[in-house]
Amino acid sequence: MAIEYASFVPTQKINWAELSKDLSGQIYQIGEERQKKRDELDKIAADNQAMLNAWQPGKNQTFNQAVLRGADQGRVLIKQWNDQLKRGEISAVDYKNKMNNMKEYWGILAQTAKTYDDRYLEVIKRQTPDENGKIQASSFEIDMFEDLAQMADLSKSATQWDNDGRLYMANTDQNNGQILGNIYDVRTVSLPDNIIANRVYVDESVNEIVKNWEPKVIFKDLGKGGELNIESAKEQDSYKIMVENVVNTIASDNNPRAQISVLTDNGVIVPYYYKTDQEYKTKKEQQINRLKQLKIDAGAKDTEITKEELDKIELSLVRKEQDRNGLFMPVLTEDQKKAAKDRVRSSVDIQLTERVTGSPQQKWTTSGGGGDGTADEKEQQRVNEYQRGYMTSLDAFGLDEQGKKTKQPDLSGLDNSYKYRYVNGTIQVYRLNHGKNESPLAIIKSPKGLAQYTVYGKSVAEQEANYELGRTQYRRSKGLDGAPKQDNIPSATRAEWKKSGWTDAQINEAVRLKKIKVI
């Protein structure tokens with residue numbers, strides 16, 4: 001008979017035995033899962049213990065000793081955290097984080113210890129000049145190396161785990177164990193960018209960028225046959241923008257390590273690095289006292305430091321910090337950034353030399369009543385110049401006055417703004433800093449074509465006209481071509497004079513004064 005309770009009559013019997021069995025099964029399952037989790041957490045501890053025990057020592061014995069001390073400390077921490085977990089003092093999440101940090105940091109330290117000697121030798125190699133006399137390491141890299149060397153002076157250092165499983169290193173006092181100087185995260189030693197900071201060779205870097213800049217030629221008419229030609233990339237309308245692009249490529253504010261190399265490796269400053277405000281004050285005072293002592297030793301009456309000298313000292317003091325990623329970085333002042341950029345600008349200015357050519361204004365003087373006047377000094381100088389240009393062209397090809405090959409080619413008289421090679425009867429013209437496989441700018445096949453590299457003129461046509469004028473003047477002065485020796489009055493056709501920049505009025509006046517002859 002069904003039992004009625006509060007107007008409720010169950011439709012079937014409740015199987016209390018089955019319910020008890022299900023409940024006990026669930027309780028058992030929960031217990032089993034908890035045990036499984038406990039086993040997993042214990043396994044983390046066991047794995048980390050095994051990791052510490054499995055470490056293989058490297059070549060550096062003092063480093064090995066420090067690592068062994070770190071391993072002993074780590075074992076103590078593993079047991080401590082495991083006990084705290086079981087007592088409920090820390091959560092499973094915190095426990096796992098601590099253990100994972102320990103695993104990561106220990107791996108870094110162990111690998112660093114294993115490869116320390118090899119890395120040390122590589123750093124030394126980068127500070128040694130190569131076969132071309134170049135050093136790869138910047139002065140900032142050398143300073144970083146000194147920091148890392150102090151950090152790795154493990155006979156005086158200690159390792160220390162924090163409560164989150166991170167590992168640190170610091171120099172300690174051997175008597176009382178107190179920490180001396182800075183404390184370093186072990187990742188600092190292993191970061192490649194804390195070992196390498198490349199040297200910037202400003203002049204070479206600038207040359208690679210500007211070597212292909214096209215020059216612009218500016219022609220100025222000086223009057224009376226005089227002219228001035230300025231050939232330079234500096235005359236380009238966008239020159240200032242081009243220069244700033246070079247500056248921001250080599251010494252960008254986004255690359256303070258490049259800027260400090262520009263300053264310290266290219267003759268701008270001798271750096272004094274500091275990390276704290278107190279260290280800054282100390283080093284500044286040291287430099288002031290050093291300069292005063294130099295003045296005293298030199299017998300100077302006034303030993304006070306001038307503003308210019310103080311500014312120079314300030315420029316040489318460079319702050320060094322570790323950023324949030326653990327990298328050593330220089331922290332430059334605005335004056336230091338400007339000095340780095342100015343060094344690049346000056347290199348651009350020096351390398352882009354201007355080529356200035358032209359001829360002076362002509363001057364004529366009367367000889368008292370229009371008698372036998374002779375060429376004045378400047379006019380004679382111009383005549384001689386054309387003649388020398390003509391002979392230089394012949395010498396370069398090894399030719400005599402008759403155009404016959406009688407001697408070795410002599411390229412010494414050519415314009416030193418270029419480099420030249422004599423190859424199979426031709427002269428090849430190259431840039432001064434041409435590369436090994438770079439093509440020549442021009443291949444000259446005759447003395448006349450070489451005129452532009454020996455005489456003045458604003459265009460190739462005028463240079464070639466000057467060559468012909470020089471040829472005529474020289475051969476006539478020597479009595480060649482069957483012509484008798486002439487006096488010192490230069491002679492040429494009217495067309496030749498006009499090609500050289502003379503006007504008809506100037507030619508007529510010069511002929512009247514017997515300064516030139518028209519043939």
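The protein has 15 helices and 14 strands, taken as DSSP runs numbered from the N terminus, with helices being H or I of at least four residues and strands E of at least two. This is a predicted model, where local features need pLDDT of at least 70, side-chain atom pairs count only at pLDDT 80 or more, and totals for chains, interfaces and linings use all residues. Residues are numbered from 1 along each chain as its sequence is written, and side-chain values use heavy atoms, with hydrogens and water left out.

Of the 519 residues, 38% are buried, meaning under 20% relative accessible area, while exposed means over 50% and partly exposed lies in between, with a 1.4 Å probe and protein chains only.

Next, the cores. A nonpolar core here is a set of buried Ala, Val, Leu, Ile, Met, Phe, Trp, Tyr and Cys residues joined through side-chain atoms within 4.5 Å. The largest has 30 residues, and Val206, Trp213, Val246, Val262, Val344 and Val348 touch the most other members. At least two residues each come from α4 (139-151), α6 (202-210), α7 (239-250), α8 (256-264) and α11 (334-351). The top contributor is α7, with six residues.

A second, separate core has 26 residues, including Phe63, Leu77, Trp106 and Ile108.

Last, asparagine 424, in the loop between β10 (419-423) and β11 (426-430). Its phi is near 50°, positive in a residue other than glycine. Asparagine 424 counts as exposed because its relative accessibility is 76%.
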